[in-house]
Amino acid sequence: MDPRIRVLGPVALHADPGREIPLGSPKERLMLAALAVAVGRPVSLDTLVDRLWEDAPPSKPRASVHAYATRIRQRLEDAGGGRIVQRARTYTLEMPPECVDCVRYQCLAEQARALCCDDEDTALALLVEADALWRGEPLAGLGGLWAAQVRANLGERRLAAALTRIGIQLRKGLFAEVVPDATELLDGHPDDETLAGCLMTASYGCGRQSDALRVYETLRRRLREEHGTSPGPALARLHGLILDGAPVRDLLTPSEATANAPSTLPAHAELVGRKEELTSILQAAPGTPTVGAVLALQGISGMAGVGKSLLALHAARVLAPRFPDGQIHLDLRSHAPGLQPLTARDALTALLRTFGVPAADIPDDLDGLTTLWRTLLGARRAVVVLDDVSGPEQLRLLLPGASPSLIIVTSRRGLAGLPGVKPLLLDVLPPADAVAMFRKLTGPDRATRTQEVTKIVHLCGYLPLAIELAAGRLISRPSWTTAHLLHRLTRGPGRLREIHTGSREIARAFAVSYRTLSDEEQHVFRLAGLQLGPDFDVFAMAALTGLPTERTEAVLETLLDAHLLREPTPERYAFHDLIGEYSRTLTAAEDTAEEREAALRRLIDFYVRAAAEADRLINPRRLRPGVARSAAHAPNRPGRLWDSAASARLWLTAERTALVAAERHCRGNGRPREAALLAGSLAAFLDEEGYSAEAQQMHSAAARHWRLTREPQAEVHALLDLGNAMSRCGRYEPSIGHARRALRMTEETGDVAAKTEVLHLLGVLHWNLGRLTEALAHQNETLELRRRAGDRLQVARSHNNMGITQLYLGNFPAALENFNAALAGFREVGNMQEESSTLNNMSDLSLQTGDKESARELLREALDLLKNSDTPTRRAIMQINLANTMNSPDDLNQIMDLLRDSLSSFRRTGDLRNASITLHSMGRALHAADRCLEAATHHRQALELSRGIGAAHEQAQALHGLGAAEHRLGQTRSAIWHMTEAISIAERIGAAPEAALARADLAAIRESGATEAGP
């Protein structure tokens, strides 16, 4: 009998069910696991070194790997089977794959999934057998990134198998058996709508309608409050059936095996013609499911507007019964104007979210995303439409490995170079199908004259998109006939002349609608192609065209009726990507360079003035340089754009992409002053919303411009904005360099107000670096200058900052005194946001002094002040403190939910320091719940982040937490080392409370007399 290797739990080697072969050190176990997971396949020496030691290999890693391999060979010999083969710098574990429990588990799960539709009893038995292989957390006791990734991937496979099993049990009416399992799974994946639907169905099947409705309400409230969204249509439908008291069988449709499978295919027109092409796709699609099937890849290429997406979507719908695990559509936006194409990271994240993977469980690195995607689709039969792909390079990482699924790809380019792709080149419609399509769209009564219809579709170039637009024009004008439409399309010499670009056929198609417009409407349509963002409002369009606002709005409505524009949100307009491309082609051909430049100048001037006005409305007290604005064309609008700071902020949010593009355009097209003005006006907004990466480039260019034009006051403000943006990204040392230059300039110019702001920034930067004494010195100087200026708001801000520094230094009475002074100042001037921030800091002080109840009360008061005005970063920080007031393990799930949400927010905005703090808090909560292995992982991640940005206080905390977790894990030597380093850093930066806590824990470790060595 062959030996068995187990990784679904602690790594173990068994000669038979009753005899376990002892294994050696954790590294030996880790190497055995690395070979076992890849059983039968070679693993390179470099890969093994990386998995064993990551970035800290020993001096002779190859010799160490060889030694471990020798030991494992001996263990296998003692077990009576299996061998390790070494060849060409690789190691291969040779033994039957089913002897490795994770491989056997996957095989059983795949067999069960393949049998779901035909033999549910056997499928259920296989799933029960597979689940019995699990003995706990995979690779338990082994650390490192690779082990964590394996655990995550195996966890996703187990979740997928559990959903399959629950689906079978629901169809068999085993509702009571499902409730506890589904409840436990939903606790671990609280945003998963698939699990919620299963639990609702099971509860309702048990006669507990109120419980089922409570599950839906809990999820609905969570999605709304934490993600700003609502449950999907499938779950909403289920909720409606339960509310109506429908029979249970109505909840279990005939396709219940796939009721929870995602279906995101958008609505589309009926396919006319294309019989040969559709037959080709259907015949090429895999039929009977087989375990380990090779992925089917269908490519559809052709020119723009030829109907690639429609054919792909129609084929996916027809094939849906053969692919019961999901029908997915993802637009990769390779030709979306003003929008960046989806990166592989963004695309994989979107696909995983579509299949129900919670946001908190999605890996951060590209390799992890790819692995999870391939694992997820490895046993699923789904059809996935990847729309508007730029080419093979964009597609490679999105293709899963061996899978019974079908991937349909549409692209304007060929997909040569992708192995296994079945290419289909889509041409224009045959004349008969083109006529049939026109009649289908207009109705037979509007297209009775065959000769006229034939000429219309001929002038459309037989392109489906052009035919659709022409038919839509006829439908929207009840008095028109096909003869009148034909007359409008052909009047004037050369009205449909080819436009000589790479997309001339598309241009001919769009000319059908364009040529029916008046001269003024054509002028507006052409200039709209110069817009700098993905969408725009009437004011930006009025500035671009120079028309009055009322007239501009009337023309936009006409273009909307003609389907040459879309209205994705109320009063904001956008092109379909192909029509936008045509508009830009037209303006280049029919408008002079001077006309285009004048239009862009009007738009840029509008943005410069409007952004400045919005900034002043939102931040009326913000310090600004006295810079003369360029002479600008007054925007064509009555009065002010906004009546409140809130509406100004909404405008900035909607126009952000265009405003940033406008700054970039000015910077690259000889208008650096306007670029610098835009950067200054957008600084506060970009900082609050977390767009620090874009802001750094803008402010760097602005500072350079003001330096070249010898305008020191403006340069100082640009350097301040640059320092703030760099600080948000954890680039503290470079930011200090810019701040010091700004400080020298303020001393030379005597600008006391600007000097005060620079000193404030220096205080923040030194505090972030853990240089608390230096931070306090800068803050004291700032406070003195603000007192002299008599600015009560800024004085209160100084007290708040000094309170935080004193808190970190352990001077709790001084911290409280400063916080109270800040609170009084903010209340005096009526600034609720800053008042809320101070209350949040005071809650942190209460936590440090052990008064959790006071901390909770202060946080509740702080959150009440920000119900309608908090920013994502501010809310995320408060959630950390709220989590810290809770008790683990009693409140562990709620704590981790809050912290995961905060971590996601900080990662999205690039706030590495707060991300490190969040990871440390997660580690502390897990440690308190006796989940020390996970706690150590989170502390290591916090340590890595804090070291990368030089945040000393966060380093000390992470080292302290890591040492404490390692002590609980029996890794005493490593625990002592990390604890000692934490004390050293804390003492160096003057963080007395942290140093005292770490010293006490170190003494306890040494006193315990534990002798086991760490790794």
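Modeller: A helix here is a DSSP run of H or I with at least four residues, numbered from the N terminus. This is a predicted model, and in it T838 is found in helix 36, residues 832-848.

Colleague: Why is T838 called buried?

Modeller: Buried means under 20% relative accessible area. T838 has 0% relative accessibility, so T838 counts as buried.

Colleague: What does T838 touch, leaving aside residues up to four places away in sequence?

Modeller: T838 touches N800, F819, A822, L823 and F826. Contact means heavy atoms within 4.5 Å.

Colleague: How many of the residues in the chain count as buried?

Modeller: Of 1015 residues, 53% count as buried. The secondary structure of the chain comes to 44 helices and 13 strands.

Colleague: What makes R158 and D131 a salt bridge?

Modeller: The term requires a side-chain nitrogen of Lys or Arg within 4 Å of a carboxyl oxygen of Asp or Glu. For the side chains of R158 and D131 the N to O distance is 3.0 Å, and the pair is therefore a salt bridge under that cut-off. R158 lies in helix 6 (residues 145-171) and D131 in helix 5 (residues 120-131), so the bridge ties together parts 27 residues apart in sequence.

Colleague: Why are R158 and D131 called partly exposed?

Modeller: Partly exposed lies between the buried limit, under 20%, and the exposed limit, over 50%. R158 is at 30% relative accessibility, so R158 counts as partly exposed. D131, at 31%, counts as partly exposed too.

Colleague: How do you know that R214 and D211 are separated by about one helical turn?

Modeller: R214 and D211 are three residues apart in helix 9 (residues 209-227), which means about one helical turn between them. The two form a salt bridge, with the closest N and O atoms 2.7 Å apart. R214, at 49% relative accessibility, counts as partly exposed; D211, with a relative accessible area of 22%, is also partly exposed.

Colleague: Which parts does the salt bridge between E981 and R947 tie together?

Modeller: The closest N and O atoms of E981 and R947 are 3.0 Å apart. E981 lies in helix 43 (residues 972-989) and R947 in helix 41 (residues 932-949), so the pair ties together parts that are 34 residues apart in sequence. R947 counts as partly exposed, at 42% relative accessibility.

Colleague: What makes D191, R222, D897 and R900 one network?

Modeller: Salt bridges that share partners join D191, R222, D897 and R900. A search of the whole structure finds 49 salt bridges.

Note on methods
Residues numbered from 1 in each chain as written. Predicted model: local features only at pLDDT ≥ 70, side-chain atom pairs only at ≥ 80, totals over all residues. Heavy atoms only, no water. Helix = DSSP H or I, 4+ residues; strand = E, 2+ residues; numbered from the N terminus. Buried < 20%, exposed > 50% of the residue type's maximum accessible area, 1.4 Å probe, protein only.
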